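Let us walk through a protein model step by step. Keep the sequence and the structure in view as you read.

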Amino acid sequence: MDEPSDSILLAAWCAGDRAAGSALFERHFRAVARFVRSKVAREAEVDDLVQSTFLACLEAGQRYRGEGSLRAYLLGIAYHKVQKHYAARRRGPVDVEH
């Protein structure tokens with residue numbers, strides 16, 4: 001039996017099917033984690049960025065039109081998450097006392 005496509009799984013996940021989300025996570029977790037790990041050293045930050053990548057995919061699932069691979073779409077989201085991560089670190093904490 002053929003595996004369902006990423007597009008079908010993403011649509012099902014967006015409709016609330018947790019098993020579809022788990023299947024997508026299992027399919028693409030290693031690639032996303034490997035990408036993030038190559039850009040970020042601290043494992044806790046890697047975990048947070050990978051999790052937020054999949055969450056953003058779920059929240060914006062309607063934007064994925066199926067024209068490219070879902071893996072590329074996820075890696076694009078991860079890229080933007082990493083960029084925001086480093087931008088926030090450059091800004092640093094705001095000292096409101098001075």
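Among contacts in the protein chain (heavy atoms within 4.5 Å) between residues at least 6 apart in sequence, 55% link residues at least 24 apart. The model is predicted: local features need a pLDDT of at least 70, side-chain atom pairs count only at pLDDT 80 or more, and totals for chains, interfaces and linings use all residues. Residues are numbered from 1 along each chain as its sequence is written, and side-chain values use heavy atoms, leaving out hydrogens and water.

Start with the fold. The protein chain has four helices and zero strands. Helices (H or I, at least four residues) and strands (E, at least two) are DSSP runs, numbered from the N terminus. The C-alpha atoms fill a box of roughly 65 × 25 × 25 Å along the principal axes.

How confident is the predictor? pLDDT gives its confidence in each residue, from 0 to 100. The chain averages 89.

Now look inside. Buried residues (under 20% relative accessible area, 1.4 Å probe, protein chains only) make up 32% of the 98 residues. The largest nonpolar core has 22 residues. Such a core is a set of buried Ala, Val, Leu, Ile, Met, Phe, Trp, Tyr and Cys residues joined through side-chain atoms within 4.5 Å. Helices H1, H2, H3 and H4 each give two or more residues to this core. Leu 10 is among those with the most contacts inside it. Beyond four places in sequence, Leu 10 touches residues including Leu 24 and Leu 70.

Finally, find Glu 45 in helix H3. Glu 45 is buried, at 14% relative accessible area.

Methods
Buried means under 20% relative accessible area, exposed over 50%, partly exposed in between (1.4 Å probe, protein chains only). pLDDT is the predictor's confidence in each residue, from 0 to 100.
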